[in-house]
There are 2 protein chains.
Amino acid sequence: MKIGELSRATGTNVETIRYYERIGLLPEPARSAANYRSYGPDHRARLVFVRHSRELGFTIEEIRSLLDLSDDPTRDCTEADRIASAHLAQVEDKIAQLSLLRDELKRIVGRCRGGLAGDCRVIEALADHSQCESQH
Amino acid sequence: MKIGELSRATGTNVETIRYYERIGLLPEPARSAANYRSYGPDHRARLVFVRHSRELGFTIEEIRSLLDLSDDPTRDCTEADRIASAHLAQVEDKIAQLSLLRDELKRIVGRCRGGLAGDCRVIEALADHSQCESQH
DNA sequence: CTTGACCCTGTAGTTGCTACAGGGTGCATA
DNA sequence: TATGCACCCTGTAGCAACTACAGGGTCAAG
Ligand SMILES: [Zn+2]
Ligand SMILES: [Zn+2]
Ligand SMILES: [Zn+2]
Ligand SMILES: [Zn+2]
């Protein structure tokens, strides 16, 4: 299949596919006489893996390691577990951090009673972290 | 005060302060005979405002608008409220989205029983979104 | 008078794409 | 046969919000 078909088949931007090839995440495919890229089912599966992992928030470097593992089925899978667990922990950290922000923002937004910017509690709160209740 | 002092006083990287000046978020300060930047309390307050807003997740463009408002105390503060509320909504969206990811990642990580990469349920789950329980 | 801490400008790197510019290819239609 | 049009190619630049130099100047202490 040509790059446009692969793009439609996987919901991936054409430029993104070329980008993944450039950074070595996808192998260089064969070329047609007109120098068009020509993909098979393996390329497609690999791209699906990459896209799905990206949707789950893995970084490109993490995906690179995961692909290395899945390329060599005789290796131990501990590494895959480690990467996924570390990523899960990161996501949980991020949620905790955003929850602090959310609470702080709620407090700040709730203070505005309308009126002039000079008296606005929102602007005042942004200027002064000591009004905050957490170390966000 | 010199840039290094302002940096220590606000916990902001020196390069970041220069960056904010370059993009017009901080005004150009006076210069000493040796061409060193020289800051006063107003610069400091403005930088504190910027850093605190950044810590709360506002974008530079949002902060620019908020600074404009606080520069003109006779304006109506509705705009400040609107920016902060919109930002709060975005943070809540992000938390919801990350919570989906977290649940999906927990399921995936829980499947690994150790062994060979070829049999690893983690790698299998990454290759196949239909095993997921949500549209993350 | 030299060492070290600081300051200056300007530019390039980071992450993960996205968006052209400026060209070539392939097929259908008038 | 010409001519659209959709698609493909390479290479480069842009986004956010910094961060990290390189290559130089300034200043006080020892
Ligand atoms: Zn207000
Ligand atoms: Zn705060
Ligand atoms: Zn496993
Ligand atoms: Zn999925």
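## Two helices of chain B

In this predicted model, helix α4 (residues 60-71) of chain B and helix α5 (residues 78-111) of chain B have axes that come within 10 Å and cross at roughly 155°. Because angles over 145 degrees count as roughly antiparallel, α4(B) is roughly antiparallel to α5(B). Their crossing is left-handed.

Which residues make the contact? From α4(B) come Glu62(B), Ser65(B), Leu66(B) and Leu69(B), and they meet Glu79(B), Ala80(B), Ile83(B) and His87(B) of α5(B). Sorted by class, the contact of α4(B) with α5(B) consists of four nonpolar, two polar and two charged residues.

## Around DNA strand C

DNA strand C is surrounded by 19 residues, and the closest are Glu15(A) and Arg54(A) from chain A with Gly4(B), Arg18(B) and Arg37(B) from chain B. Of the atoms of DNA strand C that come within 4 Å of the protein, 73% belong to sugar and phosphate.

Several arginines have side-chain N or O atoms by the phosphates. For Arg18(B), the distance from such an atom to a phosphate oxygen of DNA strand C is 2.6 Å; for Arg37(B) it is 2.7 Å, and for Arg51(A) it is 3.3 Å. Two or more residues of the surface near DNA strand C come from each of α2 (14-22) and α3 (41-55) of chain A and α1 (3-10) of chain B. The most come from α2(A), which gives four residues. By class, the surface near DNA strand C has seven nonpolar, five polar and seven charged residues.

## Around DNA strand D

Sugar and phosphate make up 73% of the DNA strand D atoms that come within 4 Å of the protein.

What part of Gly4(A) lies 2.7 Å from a phosphate oxygen of DNA strand D? It is a polar backbone atom of Gly4(A). Side chains take part too: a polar side-chain atom of Arg37(A) is 2.7 Å from a phosphate oxygen of DNA strand D, and for Arg31(A) the corresponding distance is 3.0 Å.

At least two residues of the surface near DNA strand D are supplied by each of α1 (3-10) of chain A, α2 (14-22) of chain B and α3 (41-55) of chain B. Here α2(B) gives the most, with four residues. The residues of this surface near DNA strand D divide into seven nonpolar, five polar and seven charged.

Note on methods: Residues are numbered from 1 along each chain as its sequence is written. Chains are lettered from A and ligands numbered from 1 in the order in which they are written. This is a predicted model: local features need pLDDT of at least 70, side-chain atom pairs count only at pLDDT 80 or more; totals for chains, interfaces and linings use all residues. Side-chain values use heavy atoms; hydrogens and water are left out. Axes are lines fitted to C-alpha atoms, for helices over the stretch in contact, and angles run from 0 to 180 degrees between N-to-C directions. Angles under 35 degrees count as roughly parallel, over 145 as roughly antiparallel, 65 to 115 as roughly perpendicular and the rest as oblique. A crossing is left-handed if the near helix is turned anticlockwise from the far one by less than a right angle, and right-handed if clockwise. Contact means heavy atoms within 4.5 Å. Ala, Val, Leu, Ile, Met, Phe, Trp, Tyr, Cys and Pro count as nonpolar, Asp, Glu, Lys and Arg as charged, and the others, Gly among them, as polar. A residue is near a molecule or strand if one of its heavy atoms lies within 4 Å of it. A polar contact is a pair of N or O atoms within 3.5 Å; within protein, one must be able to donate a hydrogen and the other to accept it, and residues adjacent in sequence count only if both atoms are side-chain atoms.
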